[in-house]
Amino acid sequence: MAEDAASDAVAPRLVVPASPLLRAKLRPPVVPEHHVRRPRLLRLLDEALSAPLTLVVAPAGVGKTVLVSSWAAESTVPTAWLSLDEADRDGRQLWSGVIAALETLQPRCGDAALTLLRRPGPLANVVRQLLDDLELRADSSRVLVIDDLHLVDDDDAAASLALFLQHLPTWLHVVVLSRREPILPVDRLQARGQLGEVHFAELRFSHSEACEMLTRLVPGLSEDQIDTAATHAAGWAAGLQLAALAAR
């Protein structure tokens with residue numbers, strides 16, 4: 001009996017596969033066929049890895065998600081992806097997703113944090129436990145991408161995420177995508193040199209990039225039509241797609 005109890009004590013926890021919905025949220029979006037590779041922005045994201053956190057903040061329709069997913073597909077750094085939705089306004093739902101994404105980089109790194117998450121108590125305790133366990137995972141650089149962070153507007157959830165992002169282990173870099181500036185201590189992170197930023201000014205398509213995208217979307221357009229449509233789109237990816245639809 002004692003031997004059985006001992007073997008039970010060291011038996012590995014049964015890993016239950018994530019639900020289909022969570023698996024979908026952990027998959028990076030597919031890069032569309034008409035995607036225009038933009039080396040200047042890929043270099044900018046590469047350079048941003050020198051800081052623990054990168055914010056990519058711009059309105060909808062600018063091409064944030066496509067840019068970062070294409071960068072992740074090309075990067076040699078192992079990258080995990082988490083797409084948020086309205087359910088992630090709930091802090092416990094949010095951290096279930098974050099831990100699941102991190103475990104694709106570091107299997108079982110969230111065991112203890114998940115145990116706390118299932119019990120009543122402040123989210124800050126879950127985050128501190130997760131950070132402690134991640135610190136023990138000394139490793140080469142890894143990246144976590146969190147898309148649509150603007151959906152997290154609950155004060156408790158936002159505060160727990162701010163705690164996490166201010167104390168990242170040295171091997172983990174986080175890229176956050178949002179339609180507006182998230183509820184984070186941005187000024188403090190900037191002052192500490194912990195923050196890289198990409199905004200609409202950098203994300204907007206140059207005229208040549210816009211023309212290349214339109215040529216891919218509607219190969220039959222004349223040069224004059226492409227030039228006019230690119231000018232009217234004013235750098236917006238969504239505007240270029242609408243122009244292509246109208247041309248078709």
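Helices (H or I, at least four residues) are DSSP runs, numbered from the N terminus. This is a predicted model, in which local features need pLDDT of at least 70, side-chain atom pairs count only at pLDDT 80 or more, and totals for chains, interfaces and linings use all residues. Residues are numbered from 1 along each chain as its sequence is written, and side-chain values use heavy atoms, with hydrogens and water left out.

Q: Which helix supplies the largest share of the lining of the second largest pocket?
A: A pocket is an open set of points on a 1 Å grid over the protein atoms alone, where a 1.4 Å probe fits, with protein on both sides within 12 Å along at least five of seven lines, and lining residues have an atom within 4 Å of a point. Of the 15 lining residues, Gly63, Val66, Met213, Ala237 and Gln241 lie nearest the centre of this pocket. H4 and helix H13 (237-247) each supply at least two residues, and the largest share, 3 residues, comes from H13.

Q: Which residues line the largest cavity?
A: A cavity is a set of grid points where the probe fits but cannot get out. The structure holds 1 cavity of 30 Å³ or more, where a volume is the space filled by probe spheres set on the points, joined across faces, edges and corners. The lining of the largest cavity consists of Leu149, Val152, Ala158, Leu161, Pro182, Ile183 and Leu184.

Q: What is the volume of the largest cavity?
A: Leu149 and Pro182 are among the residues that line the largest cavity. Its volume is about 50 Å³.
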